Amino acid sequence: SSGSGSSEQCAAKMFSMQSLLGALRSSVGLGVTAGRSLHTTPATQHYASRAVEAARAHAAKTGEALSTDVIIYGCRRNLKTSPFKLNVVAQQIRGLPIDKALRQMELNPKKPAKDICQVLKVTKDNAKTHHGIEDNSNLYVLESYVGKGWNRRGMRRQARGRGHTATKPRTHFFLKLKYGPAPENSGRSKMRGVYATRRLQELLLERPQRVIGGL
């Protein structure tokens, strides 16, 4: 009795699978695409791009004027470097024009500079392709920042058969390009560290540094 019951269940499952496959074949033949198909699902868009499209649709529906500030987003996730090392390179292009930022990254010998250069080139091309900006050289880096990614765990081998946990960090890089000329105070400040703030300047005047052997 148990064998007959299991065979009947298997037959019922096979019939349901065959009916499901037949329904899928008929839907594809009629031009109806399956929702979970790998070839028919649209590409995943960045959250910022979806927000821009939603703002455009709302402006077209209500008749309101859309903001003229065009911002192009770009990112690269899980780069094989630490946030500290990537931020050292990312802060060099903040506030710079796009062409000058590309030259800085092409001449930079550090390893993360290659990944940032690729993100700059792709985001610059997207400004012309997806946002309709013909003069994509008239862009500047509005924001360039990093974020912590998924850290991988490995083993660091030691002598005498010992081993310890090794952390292999991953870092996200985010970029924002804005259309228009770069501001005048763009780029990193050339002021020295001891004169960076007003409080440090006042302390330096109150207690000047003593130079041994000076006049």
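Visitor: Why is Cys 117 called buried?

Guide: Cys 117 has a relative accessible area of 7%. Buried means under 20% relative accessible area, exposed means over 50%, and partly exposed lies in between, with a 1.4 Å probe and protein chains only. The value of 7% is under 20%, so Cys 117 is buried. This is a predicted model, in which local features need pLDDT of at least 70, side-chain atom pairs count only at pLDDT 80 or more, and totals for chains, interfaces and linings use all residues. Residues are numbered from 1 along each chain as its sequence is written, and side-chain values use heavy atoms, with hydrogens and water left out.

Visitor: What makes Cys 75 count as partly exposed?

Guide: The relative accessibility of Cys 75 is 27%. That value falls between 20% and 50%, and therefore Cys 75 counts as partly exposed.

Visitor: How many disulfides does the structure hold?

Guide: The structure holds zero disulfides. A disulfide is a pair of cysteine sulfur atoms within 2.5 Å.

Visitor: Why does Ser 82 count as buried?

Guide: Ser 82 has 18% relative accessibility, which is under 20%, so Ser 82 counts as buried. Its place is in the loop between strand 1 (71–79) and helix 3 (83–90); helices (H or I, at least four residues) and strands (E, at least two) are DSSP runs, numbered from the N terminus. Leaving aside neighbours within four places in sequence, Ser 82 is in contact (heavy atoms within 4.5 Å) with Pro 169 and Thr 171.

Visitor: Which residues have the most contacts inside the largest nonpolar core?

Guide: They are Met 105, Ile 116, Leu 120 and Phe 173, in a core of 23 residues. A nonpolar core is a set of buried Ala, Val, Leu, Ile, Met, Phe, Trp, Tyr and Cys residues joined through side-chain atoms within 4.5 Å. The elements that give two or more residues to this core include helix 4 (98–107), helix 5 (112–129) and strand 5 (171–179). Helix 5 supplies the largest share, six residues. Not counting residues up to four places away in sequence, Leu 120 touches Met 105, Val 141 and Leu 175, among others.

Visitor: What makes the phi of Arg 160 worth noting?

Guide: Most residues other than glycine have a negative phi. Arg 160 is not a glycine, yet its phi is positive, about 60°. Arg 160 lies in the loop between strand 3 (152–157) and strand 4 (163–168). At 79% relative accessibility, which is over 50%, Arg 160 counts as exposed.
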